[in-house]
Amino acid sequence: MSKLIPLTALVPALLVSQLQQDTAFTGQQLNQQGMLAVNWVQQSGEYRALAYQAFNIAKFNFDIAKSKKIARPAIIVDIDETVLDNSPYQAGLLDSNQGFELSTWNQWIKAEKAKAVPGAVEFVNYVNKNGGKVFFVSNRNAKSVKTSKINDLEISTINNLKAVGFTGVNENTVLLKGEFSKIINGKEDNSKQWRVDAVKNGSADKTKYTVVALIGDNLNDFDETIGKTNQERRDFTDKYRHAYGMLNITKTGKIQPAYIAMPNPMYGNWETGMYNPKAFNKQSAFDLTPAQRNQQRRESLTRWVAQ
């Protein structure tokens with residue numbers, strides 16, 4: 001007889017203790033666990049199929065909005081791993097001992113080397129040509145030096161988007177982290193929600209739009225109140241299952257935009273959602289050592305073992 005059992009049930013307590021103390025496990029070893037995910041994005045036809053499928057669904061929903069004569073329909077897209085492919089940056093980390101860092105990420109942005117995600121250019125340009133408007137709402141920073149007066153990262157992002165063929169790209173449609181932020185309880189809140197609201201209320205480009213679809217590779221691109229743990233995130237997804245891929249218009253005319261998820265196995269809030277920093281008396285998942293992350297990745301698995 002065979003059965004599904006949690007991995008932790010298979011690991012003796014002594015081994016768990018050894019894993020906790022295994023400081024020899026390096027960041028490079030942790031990075032290399034992501035090699036197959038990067039291979040999949042760069043090599044597989046399946047990745048391309050899912051990207052095309054997502055944009056086909058997005059186009060279908062946009063066409064429905066047009067047929068319903070929804071005034072000034074807008075599509076909001078995330079940038080990274082939604083319309084631009086940054087897998088070369090991820091591949092560059094595999095043989096290093098470093099994880100994601102703003103310094104190297106900003107260098108990648110300024111290199112302007114990202115390619116378009118399959119199907120993205122055709123979809124964005126179709127919307128812009130057929131009476132809609134696409135806004136690029138991203139948590140990329142606008143500038144690499146906070147005190148600088150030059151939005152170098154915004155300039156590079158716009159250049160990169162234009163270079164791969166996107167139309168309708170300008171300072172009004174590319175909304176990056178820090179734009180339309182709010183002060184809440186004395187602190188700056190950079191939530192994407194404020195930029196989405198700016199599209200709706202006309203602050204973005206002096207025209208009010210009706211958002212008919214949100215497209216992103218992270219559930220936080222749809223709603224940043226989704227939760228931190230993966231259980232919370234799964235529960236949220238189940239609760240709003242009818243929004244995924246479907247534009248909903250109520251009998252009273254209220255519009256619930258379609259949520260369209262892009263494939264990204266390389267990184268995201270789903271990873272930090274696996275971690276329990278309190279188990280190691282840490283405040284944040286980002287405080288965990290490579291060994292601690294590796295252990296909790298393994299403990300998150302449900303495994304089938306032949307008897």
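This is a predicted model: local features need pLDDT of at least 70, side-chain atom pairs count only at pLDDT 80 or more; totals for chains, interfaces and linings use all residues.
Residues are numbered from 1 along each chain as its sequence is written, and side-chain values use heavy atoms, with hydrogens and water left out.

Helices (DSSP runs of H or I, at least four residues) and strands (runs of E, at least two) are numbered from the N terminus. Two packed helices are described by the angle between their axes and the distance between the axes. The axes of α3 (residues 35–43) and α4 come within 5 Å and cross at roughly 65 degrees. Helix α3 is therefore roughly perpendicular to α4, a term that covers angles of 65 to 115 degrees. Axes here are lines fitted to C-alpha atoms, over the stretch in contact, and angles run from 0 to 180 degrees between N-to-C directions. The crossing of α3 and α4 is right-handed, meaning that the near helix is turned clockwise from the far one by less than a right angle.

The loop between α4 (45–67) and β2 (73–77) holds R72. Although R72 is not a glycine, its phi is positive, at about 45 degrees. F180, in the loop between β6 (174–177) and β7 (182–184), is likewise not a glycine and has a positive phi of about 55 degrees. R72 counts as partly exposed because its relative accessibility is 46%; F180, at 33%, also counts as partly exposed. The term applies between 20% and 50% relative accessible area (1.4 Å probe, protein chains only).

A pocket is an open set of points on a 1 Å grid over the protein atoms alone, with protein on both sides within 12 Å along at least five of seven lines; a cavity is a set where a 1.4 Å probe fits but cannot get out, and lining residues have an atom within 4 Å of a point. The second largest pocket is lined by 21 residues, with Q193, K200, L214, F222 and Y259 nearest its centre. Helix α9 gives the largest share of this lining, four residues.

What lines the largest cavity? Its lining consists of I76, V77, D78, V137, K192, V196, L214, I215 and D221. The elements giving two or more residues to this lining are β2, α9 and β9.

Note on methods. Angles under 35 degrees count as roughly parallel, over 145 as roughly antiparallel, 65 to 115 as roughly perpendicular and the rest as oblique.
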